[in-house]
Every structure is written in C-alpha cells, then in structure tokens.
Amino acid sequence: MFMRHKGGLTALAIALMTSALPAHADFWSDAGAKYKGVVLHGVTESSPPSAYIKDVLAPEFEAKTGIKVEIETTSWDQMYDKAIKDMEAGTGIYDMVYIEQDIIYAYLQRNFLVNMTKALAEKPELKAATYDESHFTTFANYFKNGDGDLFGVPMEAFIKVYLYRTDLFNDPAIQAAFKEKTGKDLKPATTHEDYTAIADFFTEYGKANGLDLWGSTAQAHTGHPASWYEFFESIAPTFGVYNWGIDANNNYAASVANGGTMNSDKAKEALKWWLHLRDIAPPESPQSTWTETATTFAAGRVAQGLIYGENAAWIASDASKSKVVGMVGTALPPLSDGVMADAESGKGYIGYYDGGAFGLPASSKNQEAALLFLQYIGQDEVQPGWAAAAPRITNTATYDAQEVKDMNAQLGGYYDMLRDQGKLFAGAPPYPFHAQVREATAPIFYDILTGKIGPDEGLDAMAAKAEEELTSLGYRK
Amino acid sequence: MQSKKLGWLLLSPTLFILGLFGIFPFIYVVWVSFHEWNPFAANPEKLFNWAENYRKVVFDAQFLASLGVTLAFVFFAVVSEVVIGYLLAQAFMKNFPGKSFFRTIHTLPLIMAPIIVGSIWKLMTTPSIGIIPNLLDTWFGIDLNIGQSALAAFSITVIMDIWHWTPLVTLSLIAALVSLPSDPFEQAQIDGANKRQVFWHITLPMIRPALIATVFIRLMDAMRTVDEVLMLTGGGPGSATRYVGVHIYKEVFPRTNYGYGSAISVIVLYLSIVICWLLYVSLIAPRNKKG
C-alpha cells in the first residue's frame with residue numbers, strides 16, 4: 001500500500017516538475033528553430049560512410065531540428081565535377097561538399113571553404129556543447145590551415161589495408177602445400193618477395209583445382225585513375241618512393257635527373273612488382289577501380305589484396321554482399337627494407353591513409369544551418385553506430401564503444417591497427433595540383449598497363465610530363 | 001505591323017531560352033578558348049593568350065590520336081546504324097505476328113540515359129560476371145577482356161552505340177518510308193524492275209533527305225560521345241577509346257584546363273560542321289543543281 005502511494009507521489013512529483021520547467025527541449029531543436037524549413041544540399045561520393053549520413057544522420061538531424069538535409073551520393077569524379085563547378089561559379093547549390101583529403105590543399109588555395117573554427121567562435125549561439133574539435137583523431141589535421149583552424153568535419157578515415165583470407169591461410173592442407181612449394185610457412189607477407197610467393201602459389205592453386213581463385217587483387221584499370229592511385233599511393237611507398245616521387249622542397253622535381261624519384265630505380269622496381277601481380281590477378285583487374293577490388297575480394301576470388309578500409313566492414317560482416325564473412329584477416333602491407341624505419345621517423349609512410357571531411361562552401365547560402373549539421377555529424381555520440389556500419393573512425397572516443405569493439409573482432413583487428421599503427425600511413429601529399437598532374441601523366445601510365453610502353457621508359461616519360469605540367473601550372477620554376 | 005509585333009512577342013521566350021542556353025554559352029566557350037585558365041594553377045586567373053591554345057591543338061599528339069579513333073568510331077557506328085536501321089525499318093513496314101511488340105522493344109534503348117547504357121554494357125562485358133565474355137568463352141573459346149584488348153574495347157563501344165542509337169535511325173526511316181507515294185513502286189512493278197533496281201532508283205532517292213538528316217544527327221552525336229564510353233572503358237585501355245568527347249571531358253573537368261579544353265571543343269565543333277558540309281555538298285547539292 002505504502003509502495004503504491006510512494007510510486008504515485010513520485011509520478012506526481014515528476015509531472016509537476018516537468019510542467020513547471022520552461023519549454024526547453026534540447027540544443028538541436030532550439031538552435032534549429034530559426035532555420036526550420038531550410039533545405040540543405042550536400043554532395044558526396046557514393047560510399048558506405050556517405051550512405052550512413054544520407055540514410056541515418058540526415059533524417060535524425062531533420063527530426064531534431066526541422067532542417068531538411070538532402071544528400072546527393074554520386075561517383076567520385078562526378079562529385080568533384082559538381083562541387084568544383086558550384087564553388088568556382090559561386091552558385092551556392094551545395095551547402096556541404098565532400099572534401100577528400102587529397103583535394104583540401106587545392107580548395108584552401110582557392111578559398112572555397114568556410115573556416116569552421118572561426119565561424120563557430122564568431123557565432124557561439126550555434127556551437128553545440130556536444131561538438132568538440134579536439135575529439136577528432138589526428139586525421140583532422142589534414143583539414144586544418146597553418147593556424148590550426150578546421151575547414152571540414154572529418155567523416156571518414158581509413159587505411160588501405162592488407163586483407164587476407166584466414167580460411168585459406170589457416171587450412172593445414174594449403175599450409176603444407178605452400179611449405180612444400182616455397183619452403184616457408186604460410187602467413188601474411190611482410191616483404192614483397194613473400195607477397196609474390198603467396199600470390200603465385202594461390203593463382204596456381206586455383207588453376208590446378210579448378211577454382212575461381214587468384215593470388216592477389218590489382219586495382220589496375222586501364223582507363224581510370226584508380227590504377228594510378230594504387231601505384232603511387234599504395235605500392236610505390238612500400239618501396240620507399242613517397243609523395244608520388246615529387247620533391248616539393250626541390251622545385252617540385254619529379255625526375256631523378258632533377259632530384260625527384262618518380263622514375264627512380266625503386267619506383268621502377270615497384271612498378272614491375274605490381275605489374276606481375278596484375279598479370280596473375282583475376283581477369284577483371286584491368287577493369288577494376290577501388291570498388292571492384294573490394295567486390296573481387298568479397299566474391300572470394302582472391303587470397304589476399306590491398307583493399308580500402310571503407311569496404312572492410314561489409315566484406316567481413318555482410319553476408320548479403322560477401323562470401324567471405326568471418327574469413328578476413330588484416331595485416332600491414334609488405335615493405336622493402338628501411339620503409340618501416342622511414343615511417344616511424346616521419347620521413348616516409350607505409351601506405352595510404354585515406355578519408356575525407358564534410359566542408360562548408362563559402363558560396364553556400366545556408367551557412368548557419370549547415371554549421372549545425374556539420375557539428376551534428378561530428379559529435380562523439382553518433383560515431384559508434386556510424387563506425388559499425390562503415391569502418392571509419394574520426395573521433396578518438398569511438399574506439400571504446402562496444403559495437404566498434406565487436407566489429408574490430410570481426411575485422412581481424414582492423415580498428416586496433418587504425419588506432420595503433422595508423423600513424424605509419426599517410427594521406428596524399430599536400431599539393432594543390434593533384435588532378436592536374438594525375439591527368440597529365442595518367443595516359444602514359446595507362447600505356448604502361450597495356451604494354452604499349454615499357455615500365456622503365458614509361459616512368460621516365462611520366463616524370464618528364466609531370467615536370468612539364470608543373471612548369472605549365474607555374475609551380476615549378 | 002501589329003501582327004509582326006505579335007510574332008516577335010510570341011517568339012521572344014524561345015529566343016530568350018536559345019540565347020541563354022545556346023548562344024551565350026557558345027560565345028563564352030569561344031572567349032575562354034583564347035585564354036590560359038586553370039583555376040588550380042599557381043595563378044588561377046584567366047590570362048588572355050591569343051590563339052596559343054589553337055596552335056597547341058594542332059601539335060597535340062594526344063588530341064590527334066583521339067581524333068583519329070573518333071573518326072573511326074563515327075564511321076563504323078554511323079554506317080552500321082544506317083544499314084541496320086534501314087533493314088529494320090523495311091522489316092517493320094511488313095506485317096508479321098508481334099510486330100508492335102518488337103517495334104516497342106527495339107525502341108527501348110532510345111529512352112535510356114547514356115550513363116545507364118554504359119553501366120549496363122560494363123556489367124555485360126566485365127570478365128567473371130559479364131554475360132558476353134562468359135558466352136564467348138563457352139561457345140567459341142574467345143577470351144574477351146575490354147580492359148586489355150584495344151580492339152575489343154573499340155569494337156564493344158561501336159556495338160554499344162549501334163545498340164543504343166539504331167532505333168533512332170529505324171524510326172526516322174519508317175517515317176520516311178510510310179510517307180512514300182505508292183505510284184512509283186506500282187509503276188516499277190509494271191515495268192518489271194527487280195528489288196535492287198527499286199531500291200537504288202526509287203526508294204533511296206526518295207528517302208534521301210530523311211536519310212541525310214538522320215546521318216547528320218547521328219554523326220554529330222557520335223562525334224561528341226562521352227558518357228557511355230567514359231562509364232564503360234574510361235577511355236581505355238590506354239587511349240584506345242579516348243574519343244574526343246572523352247578527351248575534352250578529361251581535359252576540362254578533372255584537369256580543369258578550361259582554356260585549352262574550350263579550344264579543343266571549338267575545333268571539334270568546326271570539324272563536325274565541315275564533315276556535315278562535305279556530306280551535304282557531295283550528296284544533296286549536286287541533285288538540287290540537277291533539279
């Protein structure tokens with residue numbers, strides 16, 4: 001009886017307190033009230049992290065603020081095309097644009113983006129208490145200017161990781177066959193020689209056993225820049241060729257003759273190594289971009305490969321898309337001597353740390369509402385679900401969330417690697433001329449892939465072309 | 001006087017739209033083509049450089065190679081489309097069971113966006129998942145890989161274009177054939193002309209205007225093909241399918257070489273006009289003179 005009275009009194013007290021409090025909901029509804037009905041438009045690359053923004057975070061934000069967010073997910077090149085044209089012309093179509101790490105330097109040079117740190121300092125009423133720039137991982141540094149001001153909220157960050165099939169690598173019969181053939185134990189390769197031996201073995205194994213199985217992926221499209229990127233951002237660094245072989249401190253030299261390394265012996269060795277892998281990779285490799293290599297791995301067609309981490313989660317956990325769920329291990333890429341020491345000392349890096357941020361174009365006509373949305377996606381509390389849906393971590397607190405720990409186990413320790421060894425990887429070099437140098441040299445690279453020109457003379461021609469382009473653009477004097 | 005004013009008034013919306021979306025952009029492209037302009041250069045400003053871009057175009061080996069493969073692509077695609085389109089149009093002139101159904105099915109590719117066509121053909125030609133390499137391998141032992149073979153990639157882009165655009169030719173020619181008077185054909189039959197003679201001396205001369213107009217449209221379209229090829233091959237392998245449209249796209253958008261890309265665009269427009277004019281002069285003008 002007493003208990004029932006006590007419960008009733010508590011309910012009454014809560015009801016009275018609720019009615020006595022002022023009508024204060026939360027920061028998002030209060031801050032968003034002024035912009036209710038505004039429609040924000042964003043453009044981003046069609047990727048798992050972007051899909052989460054579109055399908056989960058944007059509707060959540062709209063429910064809390066009344067600000068509608070329309071996110072356009074499109075192909076990587078179309079995304080840049082649309083964003084750059086909009087910002088160049090100042091039309092203000094987009095209120096948020098995806099900024100891949102490699103283009104931030106070009107955008108900053110053109111003053112395309114709003115300084116978020118400064119904007120929030122000038123408008124404290126728009127600053128969410130749950131948003132804190134200091135919670136971002138060091139990847140956010142790529143999106144800061146010299147004063148440490150942030151120009152984009154990091155939304156995805158991942159490393160291009162060495163994925164391998166644990167079911168194949170742990171199969172005693174395969175292990176014995178590998179030992180017999182090579183005299184070595186079958187385990188993830190740490191050197192290029194070992195990687196090649198494993199790749200050769202599995203390609204032959206697949207052929208001998210009538211399996212659709214090959215030794216390695218190769219992102220070797222003969223007409224798409226994905227192949228160019230795989231070589232210069234993921235392969236060449238493991239041989240000690242950094243920053244595309246261009247020395248920014250030496251008048252942007254690319255050729256060995258002028259002090260660059262684009263056509264160095266190491267670069268040529270790297271290219272020949274990769275071309276061999278391409279030759280023993282699945283037949284779709286000459287048409288594979290970053291997405292297709294992931295699909296190839298998920299289809300169970302390769303034993304190992306370098307895969308962009310953004311695809312690792314669905315490969316390892318989504319049985320509706322992947323045939324290798326529960327059979328995925330992660331490791332660092334194979335390296336030449338001295339590369340790890342270079343990476344640890346900060347002189348070099350062992351692979352590609354990719355990712356991007358959502359930035360606010362200076363041409364946007366809804367900058368204040370967009371600032372709210374960008375803070376919303378940068379909060380700690382939205383990160384774990386996002387990281388579980390797409391393997392990206394941009395906030396330090398995310399590593400401790402239970403769903404992230406669970407996913408980490410499924411991914412063979414990928415998140416541990418990102419946290420502990422992410423510093424060994426690096427984003428694209430800080431050049432404002434990425435697409436320009438890439439597009440100038442890519443036709444020669446495609447000719448190398450088709451065999452029209454040899455790798456040695458091809459790299460020589462690419463280095464010369466890169467210098468010619470840099471001179472034409474006014475960077476090389 | 002009153003009706004003249006009314007005429008201009010009624011025309012003004014069309015003229016406005018034409019000026020805004022047709023004439024002004026064209027003048028702007030010509031203006032930009034006389035500048036060196038790359039917004040990601042050390043100096044992102046537009047710098048007037050007279051006809052330097054046009055001089056560069058003439059010596060640009062990549063552009064010239066691109067132009068060469070484009071002309072080959074245009075020739076094979078347009079000729080095939082006209083021949084197949086005519087045969088189909090003749091077939092659809094006859095009555096057979098399911099004619100309406102087949103005519104509808106055959107027209108479907110026309111309503112597809114080029115980017116979708118490129119995606120479909122990419123799926124159909126990717127080794128491992130594509131139906132075309134699988135069937136060629138199973139039936140004939142042919143290893144089709146458009147990422148490796150320049151000839152295969154070129155051929156597939158031509159076949160894709162034929163698949164996409166032949167229905168346009170068919171529809172145009174059906175319209176032309178339907179409108180032909182029956183008297184000359186009856187007369188030819190009475191005179192004992194065979195099918196070949198009827199085609200060369202009656203059908204072809206009478207549908208010539210429609211045929212030439214269709215060829216002009218297809219030729220100009222094929223010259224500026226971009227989307228479907230970009231999606232299917234990206235211009236590869238190497239530069240095997242880097243047609244001028246793809247070349248201009250890569251020059252203007254990813255490379256942001258606005259001035260030079262504009263100059264190439266103007267040159268390609270000029271070439272299209274010249275080719276059409278040559279066709280007109282050789283096929284239409286002499287007949288008009290005779291007439």
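Predicted model: local features only at pLDDT ≥ 70, side-chain atom pairs only at ≥ 80, totals over all residues.

User: How many residues does the largest nonpolar core have?

Analyst: Residues are numbered from 1 along each chain as written, chains are lettered from A and ligands numbered from 1 in written order, and side-chain values use heavy atoms, without hydrogens and water. A nonpolar core joins buried Ala, Val, Leu, Ile, Met, Phe, Trp, Tyr and Cys residues through side-chain atoms within 4.5 Å, buried being under 20% relative accessible area, exposed over 50% and partly exposed in between (1.4 Å probe, protein chains only). Leu40(A) and Phe373(A) are among the residues with the most contacts inside the largest core, whose size is 219 residues.

User: Which helix gives the largest share of this core?

Analyst: Helices are DSSP runs (H or I, at least four residues), numbered from the N terminus. The largest share is 12 residues, and it comes from chain B, from helix H7 (residues 150–178).

User: Between which domains of chain A does this core lie?

Analyst: Domain bounds come from an automatic or database domain assignment. Both domains give residues to this core, so it lies between domain 1 (27–157 + 354–418) and domain 2 (159–351 + 428–473) of chain A.

User: Is Ile273(B) buried or exposed?

Analyst: Ile273(B) is found in helix H12 of chain B. Its relative accessibility is 52%, so Ile273(B) counts as exposed.

User: What percentage of the residues in chain B is buried?

Analyst: Chain B has 13 helices. Of its 291 residues, the buried share is 41%.

Conventions: Helix = DSSP H or I, 4+ residues; strand = E, 2+ residues; numbered from the N terminus.
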